[in-house]
Amino acid sequence: MSAQEKTAGGLSRRNLWAYPVGTVGRDMAGCMFTNYLLTYVLFTKTLTSVQFACISVIMVAARVFDAFNDPIMGNVVEATRTRWGKFKPWIAIGGVLSVIVFITSFSTTLQGWAYVAAFGLLYFAYSVVFTMNDIAYWGMVPALARRADDRNRLTSRTVLFAGVGQFLGGIVVPTFTAGSLVIGGNAVTAYRAVVLIVCAAFTATQLITLLVVREPSARDEAPAEKVGIRKAFSTIARNDQLVWCAVVFLIFSVAQTLMGGGLSVTYLYFEFGYNGLLLSIFSILGNVAGAVLMLVFAALSGRFTRAQLMKAGAFGAAAGYLCIMLSGLFIPREMWALKFTMLTVSNLFAFLGQTLVYLIMIICIANTVEYNEWKTGRREEGIVFSVRPFITKLGTALVQLLVLVIYLAVGVRAVTNQISDLENAASQRLITIAEKTERIGAVLASVPSGKSAALLVCMTVIPAALLLAAYFIYRVKYTITEESYEAMVRDIEARRAAKGETAE
């Protein structure tokens, strides 16, 4: 590799660009499945409260299963040795199978208990196949960038492109599945079309990772051993800093995803009407601001410590949530333009803060790879990096449980079932698009203001409290500072040099 191909820290420019680009479609598809599958269920399936509860329980159970499956998959990746590397084979296999599951999940016409059964099979399948891709993809970060400055640059850029994918998913899915721009005039047809578009992007960008990124050789690493879940959790348990990262990241994950777990969609529809474009606009400013933050993160991390940035992110996000709640509660519905503007601007600050916390936590988890090597002599990137998706999915399970309780308590299904019936009638051409739109408007106009207020309080107060709790635990328990990390790296390099001299 020529000097021109490398950045100053040794990370190739080829990998610095090709690796992050590879996640755009991946995160776009992940965003659609994670953030909009429940919305798809609510507004295209007519289910009883018991059937909806069963679907929610399936989601919780599958998320928990998926979380515990992550360390196992991390071990499988760690033990893999092929001519294509240890990461790429699983990226490819998981990607192909995920596309099949995604398309099927948003295309079925089943209703009632038949749909509940199909949903269970598909959701558990997703828990297996997307994990293959996710663990292998993120496990490449420490392998591609071993120096701190390289890792900061690669991590921030990858999170930026992941944010681009989530941004595109957050724009495309709601805009073209509800409201005046809905494809085919109804949500049933629209979701089938949108999932094909999203999966095409998933496939195209993952091919960039597979064909362009140069994965470092694993030949010099210690021979892979057969490991199981006991080995995975043993490795994690011995790494006290990784354990505390997991605790903080779990609390943060619940805070970060609760609003997007369905509550914001339902609240905005109840408060402002059945218009997916408004939902897209609500998230646009936050996503754009988050993208800018990721671009300047390397500069920020050079000027401020991680502890300072973590504090700014946690308190900034909590303040944003407080402003969302106050705007929603005290600005009357008649002043809808002002109300929606204030909600959107407040969400910008909440999103900015959460993005900053997320970037810090990704780097903190990555740094525990060196901490693990410093303590035990083994890097074990696959196992360490399995913690991030493990915690994310466990957090999603907790969010789903919270959303189930909130929806049942507020009585959301009584409203969404009526909309679902109208969407299906329109897809079967039993009513016109104009009739569907008028009747959905009448349904939403009859929703009591108390339902909207209850959703608003739940999706703001709970995340704000959790974010502050996560910060205080991080401040007390995470001890790998910038200085101690550099000292660890120097010590590790000295040990390697000594082994090399001994071998000679």
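Mentor: The disulfide count is 0, with a disulfide taken as two cysteine sulfur atoms within 2.5 Å of each other. In general, such a link is a covalent bond joining the sulfurs of two cysteines. Keep the source in mind: this is a predicted model, where local features need pLDDT of at least 70 and side-chain atom pairs count only at pLDDT 80 or more, while totals for chains, interfaces and linings use all residues. Residues are numbered from 1 along each chain as its sequence is written, and side-chain values use heavy atoms, without hydrogens or water.

Take Cys 245. It is in no disulfide, and the nearest cysteine sulfur, in Cys 364, lies 5.1 Å away. Cys 245 is buried at 2% relative accessibility. Buried means under 20% relative accessible area, exposed over 50%, and partly exposed in between, with a 1.4 Å probe and protein chains only. Cys 458 is partly exposed, at 21%. Its sulfur is too far for a bond, because the closest cysteine sulfur, in Cys 323, is 19 Å away.

Now the helix pair. Helices are DSSP runs of H or I with at least four residues, strands are runs of E with at least two, and both are numbered from the N terminus. Helix 2 (residues 24–44) and helix 5 (residues 112–144) have axes that come within 12 Å and cross at roughly 160°. Axes are lines fitted to C-alpha atoms over the stretch in contact, and angles between N-to-C directions run from 0 to 180 degrees. The two helices are therefore roughly antiparallel. That label covers angles over 145 degrees; under 35 is roughly parallel, 65 to 115 roughly perpendicular, and the rest oblique.

Contact means heavy atoms within 4.5 Å. On helix 2, the contact residues include Arg 26, Gly 30 and Phe 33; on helix 5, they include Tyr 115, Phe 119 and Trp 138. By class, the contact has 11 nonpolar, 3 polar and 2 charged residues. Nonpolar covers Ala, Val, Leu, Ile, Met, Phe, Trp, Tyr, Cys and Pro; charged covers Asp, Glu, Lys and Arg; the others, Gly among them, are polar.

Thr 39 also belongs to helix 2. It is buried, at 4%. Beyond neighbours within four places in sequence, Thr 39 contacts Tyr 191 and Val 265.

Finally, Pro 20. It sits in helix 1 (residues 13–21). Pro 20 is buried, at 0%. With neighbours within four places in sequence set aside, its contacts include Tyr 137 and Phe 161.
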